[in-house]
Amino acid sequence: MDAADEPLFREFVAERSPALMRLAFLLTGGDQHAAEDLVQTALAKLAGRWRQVAAPEAYVRQTMYRQQVSWWRARGRRPEVVQPTLPERAARDAHHQSELRMMLRSALARLTARQRAVLVLRYFEDLPEQEVARVLGCSVGNVRSTAHRSLARLREIAPELAQEMKEVAR
(Lines give C-alpha, C1' and ligand atoms only; values in the text may rest on other atoms or scores of the structure.)
Protein backbone atom coordinates (compact mmCIF):
# COMPACT_ATOMS: atom_id res chain seq x y z
CA MET A 1 0.00 0.00 0.00
CA ASP A 2 1.41 3.36 -0.95
CA ALA A 3 1.18 6.60 1.02
CA ALA A 4 -1.79 7.88 -1.01
CA ASP A 5 -3.92 4.81 -0.17
CA GLU A 6 -3.08 4.68 3.52
CA PRO A 7 -5.49 7.45 4.65
CA LEU A 8 -8.36 5.77 2.77
CA PHE A 9 -7.55 2.42 4.35
CA ARG A 10 -7.31 3.98 7.83
CA GLU A 11 -10.66 5.69 7.30
CA PHE A 12 -12.26 2.39 6.25
CA VAL A 13 -10.84 0.63 9.33
CA ALA A 14 -12.03 3.40 11.67
CA GLU A 15 -15.55 3.42 10.22
CA ARG A 16 -16.15 -0.32 9.82
CA SER A 17 -14.24 -1.86 12.74
CA PRO A 18 -17.17 -1.86 15.20
CA ALA A 19 -19.46 -3.71 12.77
CA LEU A 20 -16.68 -6.12 11.81
CA MET A 21 -15.97 -6.82 15.50
CA ARG A 22 -19.64 -7.62 16.14
CA LEU A 23 -19.63 -10.06 13.25
CA ALA A 24 -16.35 -11.63 14.36
CA PHE A 25 -17.62 -11.91 17.93
CA LEU A 26 -20.61 -13.89 16.69
CA LEU A 27 -18.53 -16.06 14.36
CA THR A 28 -16.11 -16.97 17.14
CA GLY A 29 -18.84 -17.85 19.61
CA GLY A 30 -18.22 -14.92 21.92
CA ASP A 31 -14.44 -15.28 22.17
CA GLN A 32 -13.26 -11.65 22.27
CA HIS A 33 -9.59 -12.46 21.62
CA ALA A 34 -10.37 -14.75 18.69
CA ALA A 35 -12.71 -12.09 17.29
CA GLU A 36 -9.94 -9.48 17.46
CA ASP A 37 -7.55 -11.90 15.74
CA LEU A 38 -10.11 -12.62 13.03
CA VAL A 39 -10.70 -8.94 12.26
CA GLN A 40 -6.98 -8.16 12.33
CA THR A 41 -6.19 -11.05 9.96
CA ALA A 42 -8.90 -9.99 7.52
CA LEU A 43 -7.80 -6.35 7.59
CA ALA A 44 -4.17 -7.35 7.06
CA LYS A 45 -5.19 -9.33 3.98
CA LEU A 46 -7.21 -6.37 2.73
CA ALA A 47 -4.25 -4.01 3.20
CA GLY A 48 -2.15 -6.15 0.89
CA ARG A 49 -4.81 -6.03 -1.83
CA TRP A 50 -6.31 -2.58 -1.19
CA ARG A 51 -5.91 -1.31 -4.77
CA GLN A 52 -7.33 -4.47 -6.38
CA VAL A 53 -10.43 -4.70 -4.18
CA ALA A 54 -13.51 -2.95 -5.52
CA ALA A 55 -15.72 -3.60 -2.46
CA PRO A 56 -13.56 -3.58 0.69
CA GLU A 57 -16.37 -4.42 3.14
CA ALA A 58 -17.49 -7.45 1.14
CA TYR A 59 -13.88 -8.58 0.77
CA VAL A 60 -13.22 -8.33 4.53
CA ARG A 61 -16.43 -10.16 5.45
CA GLN A 62 -15.72 -12.94 2.95
CA THR A 63 -12.17 -13.20 4.26
CA MET A 64 -13.46 -13.42 7.84
CA TYR A 65 -15.90 -16.22 6.98
CA ARG A 66 -13.28 -18.21 5.14
CA GLN A 67 -10.57 -17.60 7.73
CA GLN A 68 -12.86 -18.72 10.53
CA VAL A 69 -13.72 -21.91 8.63
CA SER A 70 -10.00 -22.53 8.09
CA TRP A 71 -9.31 -22.08 11.79
CA TRP A 72 -12.12 -24.50 12.69
CA ARG A 73 -10.69 -27.12 10.38
CA ALA A 74 -7.16 -26.60 11.63
CA ARG A 75 -8.01 -26.65 15.33
CA GLY A 76 -10.72 -29.24 15.34
CA ARG A 77 -13.44 -28.88 17.88
CA ARG A 78 -12.70 -26.60 20.82
CA PRO A 79 -13.98 -27.50 24.25
CA GLU A 80 -17.22 -25.79 25.19
CA VAL A 81 -17.05 -22.67 27.29
CA VAL A 82 -19.15 -23.11 30.40
CA GLN A 83 -21.38 -20.13 31.04
CA PRO A 84 -23.23 -19.43 34.29
CA THR A 85 -26.98 -19.68 34.02
CA LEU A 86 -28.88 -16.44 34.04
CA PRO A 87 -31.22 -15.69 36.95
CA GLU A 88 -34.95 -15.83 36.37
CA ARG A 89 -36.63 -12.50 35.60
CA ALA A 90 -39.84 -11.56 37.33
CA ALA A 91 -40.75 -8.97 34.71
CA ARG A 92 -39.18 -7.08 31.82
CA ASP A 93 -37.07 -4.16 32.88
CA ALA A 94 -34.60 -1.72 31.36
CA HIS A 95 -31.95 -4.45 31.15
CA HIS A 96 -34.10 -6.88 29.19
CA GLN A 97 -32.26 -6.41 25.88
CA SER A 98 -28.89 -6.90 27.55
CA GLU A 99 -30.07 -10.08 29.20
CA LEU A 100 -31.46 -11.34 25.92
CA ARG A 101 -28.12 -10.68 24.19
CA MET A 102 -26.27 -12.52 26.97
CA MET A 103 -28.62 -15.51 26.63
CA LEU A 104 -28.14 -15.55 22.88
CA ARG A 105 -24.36 -15.24 23.19
CA SER A 106 -24.25 -18.09 25.68
CA ALA A 107 -26.46 -20.28 23.51
CA LEU A 108 -24.45 -19.54 20.36
CA ALA A 109 -21.25 -20.45 22.17
CA ARG A 110 -22.68 -23.90 22.84
CA LEU A 111 -23.25 -24.61 19.13
CA THR A 112 -20.60 -26.05 16.85
CA ALA A 113 -18.59 -23.59 14.80
CA ARG A 114 -20.35 -24.64 11.59
CA GLN A 115 -23.81 -24.26 13.14
CA ARG A 116 -22.87 -20.82 14.42
CA ALA A 117 -21.54 -19.77 11.01
CA VAL A 118 -24.71 -20.84 9.23
CA LEU A 119 -26.95 -19.00 11.72
CA VAL A 120 -24.82 -15.84 11.68
CA LEU A 121 -24.64 -15.71 7.89
CA ARG A 122 -28.28 -16.65 7.33
CA TYR A 123 -30.00 -14.62 10.05
CA PHE A 124 -27.56 -11.96 11.31
CA GLU A 125 -26.08 -11.12 7.91
CA ASP A 126 -29.43 -11.94 6.23
CA LEU A 127 -27.79 -13.75 3.33
CA PRO A 128 -29.87 -16.03 1.11
CA GLU A 129 -29.23 -19.77 1.40
CA GLN A 130 -27.39 -19.85 -1.95
CA GLU A 131 -24.96 -17.16 -0.79
CA VAL A 132 -24.35 -18.90 2.55
CA ALA A 133 -23.62 -22.12 0.65
CA ARG A 134 -21.18 -20.30 -1.62
CA VAL A 135 -19.40 -18.59 1.28
CA LEU A 136 -19.06 -21.82 3.28
CA GLY A 137 -18.29 -24.00 0.27
CA CYS A 138 -21.17 -26.44 0.73
CA SER A 139 -24.52 -27.26 -0.88
CA VAL A 140 -27.75 -25.32 -0.36
CA GLY A 141 -29.28 -28.47 1.10
CA ASN A 142 -26.48 -28.61 3.65
CA VAL A 143 -27.16 -24.99 4.63
CA ARG A 144 -30.88 -25.71 5.03
CA SER A 145 -30.38 -28.83 7.13
CA THR A 146 -27.67 -27.20 9.26
CA ALA A 147 -29.87 -24.14 9.87
CA HIS A 148 -32.79 -26.38 10.81
CA ARG A 149 -30.69 -28.49 13.21
CA SER A 150 -29.00 -25.39 14.64
CA LEU A 151 -32.29 -23.68 15.42
CA ALA A 152 -33.60 -26.89 16.99
CA ARG A 153 -30.45 -27.11 19.09
CA LEU A 154 -30.86 -23.46 20.17
CA ARG A 155 -34.43 -24.19 21.25
CA GLU A 156 -33.17 -27.21 23.19
CA ILE A 157 -30.27 -25.52 25.00
CA ALA A 158 -32.00 -22.16 25.51
CA PRO A 159 -35.76 -22.63 25.77
CA GLU A 160 -36.04 -19.11 27.19
CA LEU A 161 -34.96 -17.77 23.80
CA ALA A 162 -37.71 -19.73 22.09
CA GLN A 163 -40.20 -18.22 24.54
CA GLU A 164 -38.82 -14.72 23.84
CA MET A 165 -39.24 -15.25 20.10
CA LYS A 166 -42.88 -16.29 20.62
CA GLU A 167 -43.49 -13.12 22.63
CA VAL A 168 -41.83 -10.94 19.98
CA ALA A 169 -43.93 -12.55 17.25
CA ARG A 170 -47.19 -11.61 19.02
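Trainee: What should I know before I start?

Mentor: The model is predicted, so local features need pLDDT of at least 70 and side-chain atom pairs count only at pLDDT 80 or more, while totals for chains, interfaces and linings use all residues. Residues are numbered from 1 along each chain as its sequence is written, and side-chain values use heavy atoms, with hydrogens and water left out.

Trainee: How many helices and strands are there in the chain?

Mentor: Helices (H or I, at least four residues) and strands (E, at least two) are DSSP runs, numbered from the N terminus. Here the chain has eight helices and zero strands.

Trainee: Which residues of helix α6 are buried?

Mentor: Buried means under 20% relative accessible area, with a 1.4 Å probe and protein chains only. In α6 (residues 129–136), those residues are Val132, Ala133, Val135 and Leu136. They fall within an arc of 165° seen down the axis, so they line one face of the helix; the arc is that of the directions from the helix axis to the C-beta atoms.

Trainee: And which residues have the most contacts inside the largest nonpolar core?

Mentor: In soluble globular proteins, nonpolar side chains tend to be buried together. A nonpolar core is a set of buried Ala, Val, Leu, Ile, Met, Phe, Trp, Tyr and Cys residues joined through side-chain atoms within 4.5 Å. The largest one here has 43 residues, and Leu27, Leu43, Leu46, Val60, Met64, Leu121 and Leu136 have the most contacts inside it. Helix α1 gives the largest share, eight residues.

Notes
Buried means under 20% relative accessible area, exposed over 50%, partly exposed in between (1.4 Å probe, protein chains only).
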